[in-house]
There are 2 protein chains.
Amino acid sequence: MRHAIIMAGGSGTRFWPASRARRPKQLLSLWGDEPLIHSTSSRLAPPIPTSHQWVITSADILDAVRAVLPDLPPSQIIAEPCPRNTAPCVGLAAALLQADADAQGAPSPLIGVFPSDHLIRDLPAWHACLDAAFDAAAASPSIITLGIQPTRPETGFGYIEASSSPNGLTPLPVRRFVEKPDHATALSYLGSGNFLWNAGIFVFRASTMLALIDRHLPSLSAGLRDLAAYWRTPQWPDAFARIFSTLPSISIDYAVMEPAAAQGAVQTIPASFTWSDVGHWGSLDEAAQPDPNGNITLGESLTLDSQRCVVAQLSSAKRLVVTLGVHDLVVVDTDDALLVCDRDQVQRVREVIDHLKASGRTDLL
Amino acid sequence: MRHAIIMAGGSGTRFWPASRARRPKQLLSLWGDEPLIHSTSSRLAPPIPTSHQWVITSADILDAVRAVLPDLPPSQIIAEPCPRNTAPCVGLAAALLQADADAQGAPSPLIGVFPSDHLIRDLPAWHACLDAAFDAAAASPSIITLGIQPTRPETGFGYIEASSSPNGLTPLPVRRFVEKPDHATALSYLGSGNFLWNAGIFVFRASTMLALIDRHLPSLSAGLRDLAAYWRTPQWPDAFARIFSTLPSISIDYAVMEPAAAQGAVQTIPASFTWSDVGHWGSLDEAAQPDPNGNITLGESLTLDSQRCVVAQLSSAKRLVVTLGVHDLVVVDTDDALLVCDRDQVQRVREVIDHLKASGRTDLL
């Protein structure tokens with residue numbers, strides 16, 4: 001049985017003022033007709049129907065997530081009692097689905113973990129990769145990651161070093177995971193052919209993940225066993241809130257994937273689909289088609305003698321946004337805040353958040 | 001008796017989107033606590049009390065002008081039946097005030113003409129110039145213009161060539177008026193010392209102006225005589241509408257001032273006050289004090305690592321405007337339109353107006 005865990009805890013400050021604490025990136029529809037998390041769910045089916053999809057999110061946005069995913073059973077959209085990074089979240093999914101399987105006398109289930117806020121195009125290629133990853137996870141006690149073929153010397157992503165160059169959808173042993181490189185290192189990765197972008201998508205059998213957690217992060221294992229004992233009992237909500245907060249706050253990459261790779265227990269399948277993490281306003285052109293002047297516009301705007309601008313008119317008032325004689329700007333208009341930013345400095349939008357916090361403007365966060 | 005004619009017919013498209021067809025620049029308060037036209041009226045008193053001030057405006061904004069000038073008798077705020085440039089407007093003022101004086105057996109009145117939408121600082125110097133101009137107009141059958149000492153080689157203004165360099169408030173004969181010069185010519189004007197900016201402020205005795213119109217624009221004279229015959233009669237409104245539309249549409253500078261200067265009938269008084277025509281968003285720093293980064297902000301804004309920007313937050317929603325890592329931009333936020341423009345290209349805002357007209361967005365004009 002295949003299950004999907006959609007990780008939807010991100011706060012998405014990098015798309016401020018469109019994204020807010022209670023409206024993070026995964027709930028935005030900047031890239032099409034539906035929120036990113038809805039697209040994420042849609043493209044997992046048919047291989048994984050919504051009846052087998054689970055969403056882990058935060059209490060702040062639980063209702064909003066349920067509202068945009070009406071096809072998922074509300075009980076499968078779960079709010080973490082408190083933020084605890086990714087290892088407890090992935091471990092919890094493995095432990096609970098394993099408990100369900102045990103109760104049914106079924107084999108250990110196969111689980112894929114998926115970020116909720118990426119863009120993936122070319123659905124046939126996506127489904128082929130997904131199938132290959134689940135098949136590989138079924139055949140081997142390994143974690144199977146999807147590796148994205150790099151197209152530029154990106155310094156904003158982590159990389160996966162495979163043991164050899166990609167060859168179709170054949171799983172390759174992973175030598176190691178590497179953190180965000182500097183530009184020179186990224187260039188050498190791009191040249192080597194063995195390095196792939198880590199998109200945070202991975203598939204495993206529940207029993208495999210639980211064994212790896214037991215080996216590399218035993219403090220988490222104990223908590224997961226406690227939690228599994230309460231699963232589907234009347235005491236579950238209280239136990240979940242109480243025990244989850246005691247789990248170690250650590251990332252699955254650091255705590256499990258990296259040591260597992262070192263012992264040869266991680267493989268990667270080179271992805272053949274078009275992927276973007278649409279990480280900031282400046283990367284919107286990976287998702288939308290620029291006009292002949294390189295401008296990308298959302299909503300009503302008039303771009304006069306303007307080049308390479310991103311203009312997003314998101315206010316309910318449908319104000320007309322006019323740019324005149326400017327270039328390389330990001331202009332984002334919302335009901336209560338307007339951002340005008342140099343396109344090459346959009347990653348600094350976090351500084352705006354910091355200023356708003358410091359000045360008590362929490363209404364704009 | 002001294003009278004003031006405040007010319008308030010301007011459409012002020014250059015401050016779009018703050019200025020609109022029905023909210024032209026003279027009605028805006030971008031430069032302080034009150035609309036420009038209110039400041040214009042206020043600083044004419046005490047030398048010319050509001051009981052002796054007249055405003056000539058357009059029907060479109062008559063009610064709005066009356067609303068911001070509650071101290072003026074409403075009957076002295078007059079809407080032209082149709083736009084006819086400045087010569088009929090100035091001539092009308094001279095003809096009607098002369099008719100009033102004739103009816104009272106009084107001497108021909110002294111009249112000053114003032115644009116409604118300029119900024120003038122240093123009130124004592126302003127009042128001294130005003131007094132000197134009225135005194136000179138009383139003493140001589142000449143038109144007395146105020147000339148602004150140039151501080152830069154401005155190519156956007158007309159110039160007044162005086163017969164010699166300024167010497168206090170002594171009236172100097174005017175050799176000629178010159179149109180907007182190119183940069184090299186403007187530089188030579190700045191160096192010469194004899195050239196002053198034409199601010200469109202001039203004072204005359206009604207009989208002097210009427211004689212000059214009679215000589216240089218006789219087609220206007222006839223119409224003015226017709227109009228004066230109906231002044232303060234029950235037929236006035238109908239006669240005004242009917243006759244005014246038959247007057248020649250021409251500027252007072254071209255039709256009267258230039259030929260009058262050629263015959264030695266114009267003098268200039270060098271102004272000693274601080275003046276700005278605040279002609280566009282980029283000239284706002286003549287009116288407001290920039291912050292240490294050269295930014296000028298109106299309304300709530302957060303300028304992070306931004307230099308030499310003009311940020312005007314004028315929406316009723318009081319949206320927060322944030323600029324990040326940008327320079328030399330004009331950002332103007334209103335309820336229904338937002339402008340982001342290169343500061344050196346603000347004069348091109350007229351192109352926006354043209355585009356809006358062409359695309360039928362008359363609601364935004």
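Two strands are taken to pair if DSSP finds at least two bridges between them. In the predicted model described here, strand E1 of chain A, spanning residues 2–8, meets this criterion with strand E2 (residues 53–58) of chain A, to which E1(A) is joined by 5 bridges. The two strands run parallel, and within this pairing A:Ala8 stands opposite A:Thr57 of E2(A).

In E4(A), A:Pro115 lies opposite A:Met7. Strand E1(A) is mostly covered, with 6 of its 7 residues buried.

In chain B, a helix packing was examined. Two packed helices are described by the angle between their axes and the distance between the axes. Helix H6 (residues 206–216) of chain B packs against helix H9 (residues 252–262) of chain B at an angle of about 100°, and their axes are 10 Å apart. Because angles of 65 to 115 degrees count as roughly perpendicular, H6(B) is assigned to that class relative to H9(B). On the side of H6(B), the contact is formed by B:Met209, B:Leu212, B:Ile213 and B:His216. Helix H9(B) contributes B:Ile252, B:Ala255, B:Val256, B:Pro259 and B:Ala260. Of the residues in this contact, 8 are nonpolar and 1 is polar, while no charged residue takes part.

Methods:
Residues are numbered from 1 along each chain as its sequence is written. Chains are lettered from A and ligands numbered from 1 in the order in which they are written. This is a predicted model: local features need pLDDT of at least 70, side-chain atom pairs count only at pLDDT 80 or more; totals for chains, interfaces and linings use all residues. Side-chain values use heavy atoms; hydrogens and water are left out. Axes are lines fitted to C-alpha atoms, for helices over the stretch in contact, and angles run from 0 to 180 degrees between N-to-C directions. Helices (H or I, at least four residues) and strands (E, at least two) are DSSP runs, numbered from the N terminus. Angles under 35 degrees count as roughly parallel, over 145 as roughly antiparallel, 65 to 115 as roughly perpendicular and the rest as oblique. Contact means heavy atoms within 4.5 Å. Ala, Val, Leu, Ile, Met, Phe, Trp, Tyr, Cys and Pro count as nonpolar, Asp, Glu, Lys and Arg as charged, and the others, Gly among them, as polar. Buried means under 20% relative accessible area, exposed over 50%, partly exposed in between (1.4 Å probe, protein chains only).
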